[in-house]
Amino acid sequence: MAADQAFSSPEEGRRIGRAVDAGTREEIGRSLLWQRVHAALRDAILAGRLKAGERIVELETARDLNVSQSTVREALKQLAHDGLVLQLPRRGSFVASIDQDEARHAYRLRATLERFAAAEFCLFAPESAIDTLENDLSAMRRAASANDTAGFVEADIAFHRHVWEATGNPLLPRMWAIVESSMRSLTVISNRAYFRSLDDVMRTHEPLLGALRHRDAAAAPELFAHHVMTVWEEIDKAARKSDG
């Protein structure tokens, strides 16, 4: 049987339709279909309506959203690029989950790069960059108040990206593009799994902005590295507990 036809029950065939908001399903009938399907599935993943490890079947999703399989296939390809979906040959597409080895390497590398970016920001970033980061933090607050996981993740990622971009180092934004694709799904999962609320995640960014605002080139790099590694420590702690 083809991967797209591998249902376990009729109930499974209705799962995607329930996960995607009704209003979103209505909008999917308009132009740029694959982008709208991508946005609908992305929001369902970020909001936790589609769980880590859950399979997304092309045929089922196409029927639920009233689009073609090729449209769903294109959306899934972009979600894989975003790091939110894992595509396995002959097995299908699955909502990404945290792999311990991948997470450890990703967080250690990011901590090193965040430390460097924070130091460079303190030395070279224009004052206008602080206003940009204030806006990002405000966007996080609004998303946290609305319990909007998708909006929060976008604002969280924008905050860190803008730090890297403001350094004036032309290599850092190019490196961020690679880091972001690897970290996005980890950010989504860790925000929901290891913090009590999105507001708690937002508050971890306040001392980061404070150190950058004061151009504290000694404290800011260490705060940024600690910010990143704290999440890794929570992931590692949870994994050890489940293994034990």
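This is a predicted model: local features need pLDDT of at least 70, side-chain atom pairs count only at pLDDT 80 or more; totals for chains, interfaces and linings use all residues.
**Overall.** I counted 13 helices and 3 strands in the protein. Of its 244 residues, 46% are buried. I then looked at contacts with a separation of 6 or more, and 73% of them join residues 24 or more positions apart. The exposed surface comes to about 12300 Å², with 51% of it from carbon and sulfur atoms.

**H8 and H12.** I looked up how helix H8 (residues 128-145) lies against helix H12 (residues 206-213). Their axes come within 11 Å and cross at roughly 170°. Angles over 145 degrees count as roughly antiparallel, so H8 and H12 are roughly antiparallel to each other. On the H8 side I found Ile130, Leu133, Glu134, Leu137 and Arg141 in the contact, and on the H12 side Glu206, Leu209, Leu212 and Arg213. I sorted these residues into 5 nonpolar and 4 charged, with no polar ones.

**Salt bridges.** My search of the whole structure gave 9 salt bridges. I noted three of them, as follows.

- Glutamate 127 pairs with arginine 215, with 3.0 Å between the closest N and O atoms. The two sit 88 residues apart, in the loop between H7 and H8 and the loop between H12 and H13. Glutamate 127 is exposed at 55%, while arginine 215 is partly exposed at 22%.
- Glutamate 165 pairs with arginine 161 at 3.6 Å. Both are in helix H9, 4 residues apart, which means about one helical turn separates them.
- Arginine 203 pairs with aspartate 199 at 2.9 Å. I found this pair 4 residues apart in helix H11. Arginine 203 is partly exposed at 45%, and aspartate 199 is partly exposed at 28%.

How values were computed:
Residues are numbered from 1 along each chain as its sequence is written. Side-chain values use heavy atoms; hydrogens and water are left out. Buried means under 20% relative accessible area, exposed over 50%, partly exposed in between (1.4 Å probe, protein chains only). Contact means heavy atoms within 4.5 Å. Accessible areas come from the Shrake-Rupley method with a 1.4 Å probe; for residues, only the protein chains shown count as cover. Axes are lines fitted to C-alpha atoms, for helices over the stretch in contact, and angles run from 0 to 180 degrees between N-to-C directions. Angles under 35 degrees count as roughly parallel, over 145 as roughly antiparallel, 65 to 115 as roughly perpendicular and the rest as oblique. Ala, Val, Leu, Ile, Met, Phe, Trp, Tyr, Cys and Pro count as nonpolar, Asp, Glu, Lys and Arg as charged, and the others, Gly among them, as polar. A salt bridge is a side-chain nitrogen of Lys or Arg within 4 Å of a carboxyl oxygen of Asp or Glu.
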